[in-house]
Amino acid sequence: MCAKVEHHTHEITYEGLLQGNKDWVAATLAEDPAYFDRLAAGQKPPVLWIGCSDSRVPANQITHTNPGDIFVHRNIANVVVHTDMNMLSVLDYAVNVLEVQHVIVCGHYGCGGVQAALGNKQYGIIDNWLRNIKDTYRLHYHELDIISDEKKRSDRLVELNVMEGVFNLTKTSIVQNRWGEGKKLGVHGWVYSLETGLIKDLQVTSNSGTHISSVFKMDGQDSKKA
Ligand code: ZN
């Protein structure tokens, strides 16, 4: 099923959201009377999406997919850190219960969170979250500091933040245990362009832990019993 493409230019109101829901249900049922029966039966999405909370980067629309197709986790600037219980819970459920085949970290150029991380302004609590991106900057400042164009510099940090997210996923026991069981799982890094609507694959896909430096390699689960 592919919904009609409608680009709203009118003001979004609270009441309008509920009316929009009714209209969507009616239009969906007119096209496919069994649509909700099928979705209500359960989900088996093959993909976990970790993206930015930015309202302009919704996982389903930009990949032309539908409800039921993608398991989604979003936070400001699509940060992946191993102290985030929310992210770890989503990852564990997606990998071990839903058995997704792919995990995609998708950032976007022009990300306000990444731009803020490059600056010195205090925004409040969020500064602590963006500190994770400053830590990524610290790993790559030699490369970033020689980019004089501010937009290009922040767009490069967008890419590096996604790559760091991919690496951080491969360091989790969740992903490593899955690979240790011989199960197929690809971890990918993408960046979306708000200006063209197109996604760039950063080609940092990992299907095994071979690239991880040894200090991050966990022994298999059996070692816990030893
Ligand atoms: Zn963003």
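These notebook entries record what I looked up in the predicted model of this protein.

**Overall layout**

I began with the secondary structure, which comes to eight helices and five strands, and I noted that along the sequence these follow the pattern α-α-β-α-β-α-β-α-α-α-α-β-β. The C-alpha trace spans about 55 × 50 × 30 Å along its principal axes, and of the 226 residues, 38% count as buried. I then turned to the domain assignment, which gives domain 1 as 14-43 and domain 2 as 46-209; taken over C-alpha atoms, the centres of the two domains are separated by 30 Å.

**Zinc site**

Which residues coordinate the zinc ion? I found C52 through SG, H108 through NE2 and C111 through SG, at 2.1 to 2.3 Å. Written as a sequence spacing, these donor residues read C-x55-H-x2-C.

**Strand 4 and its neighbours**

I next followed strand 3 to its partner, strand 4: the two run parallel and are joined by seven bridges, and one of the pairings I looked up is that of V103 with V187 in strand 4.

Is strand 4 enclosed or open to the outside? Seven of the seven residues of strand 4 (residues 186-192) are buried, so this strand is largely enclosed by the rest of the structure. In a regular strand the side chains alternate between the two faces of the sheet, and I therefore sorted the residues by side with that rule in mind. On one side I listed G186, H188, W190 and Y192, and on the other V187, G189 and V191; with every one of these buried, both faces of strand 4 are covered.

Strand 4 also pairs with strand 5 (residues 199-201), in this case antiparallel and through three bridges, and Y192 has I199 as its bridge partner there. Strand 4 and strand 5 form a hairpin with six residues between them, and in the turn I noted that G197 has a positive phi of about 80°.

E99 has a phi near 55° and sits in the loop between helix 4 (85-97) and strand 3; its relative accessibility is 35%, so E99 counts as partly exposed. Q203 has a phi near 60° and belongs to the segment after strand 5. At 65% relative accessibility, Q203 lies over the 50% cut-off and so counts as exposed.

**Second largest pocket**

How much space lies in the second largest pocket? The computed figure is about 240 Å³.

Technical notes: Residues are numbered from 1 along each chain as its sequence is written. This is a predicted model: local features need pLDDT of at least 70, side-chain atom pairs count only at pLDDT 80 or more; totals for chains, interfaces and linings use all residues. Side-chain values use heavy atoms; hydrogens and water are left out. Donors are N, O and S atoms within 2.8 Å of the metal (3.2 Å for Na, K and Ca); water is not among the atoms, so sites may look incomplete. Buried means under 20% relative accessible area, exposed over 50%, partly exposed in between (1.4 Å probe, protein chains only). Helices (H or I, at least four residues) and strands (E, at least two) are DSSP runs, numbered from the N terminus. Two strands pair if DSSP finds at least two bridges between them. Domain bounds come from an automatic or database domain assignment. On a 1 Å grid over the protein atoms alone, a cavity is a set of points where a 1.4 Å probe fits but cannot get out, and a pocket is an open set with protein on both sides within 12 Å along at least five of seven lines; lining residues have an atom within 4 Å of a point. Grid points are joined across faces, edges and corners, and a volume is the space filled by probe spheres set on the points.
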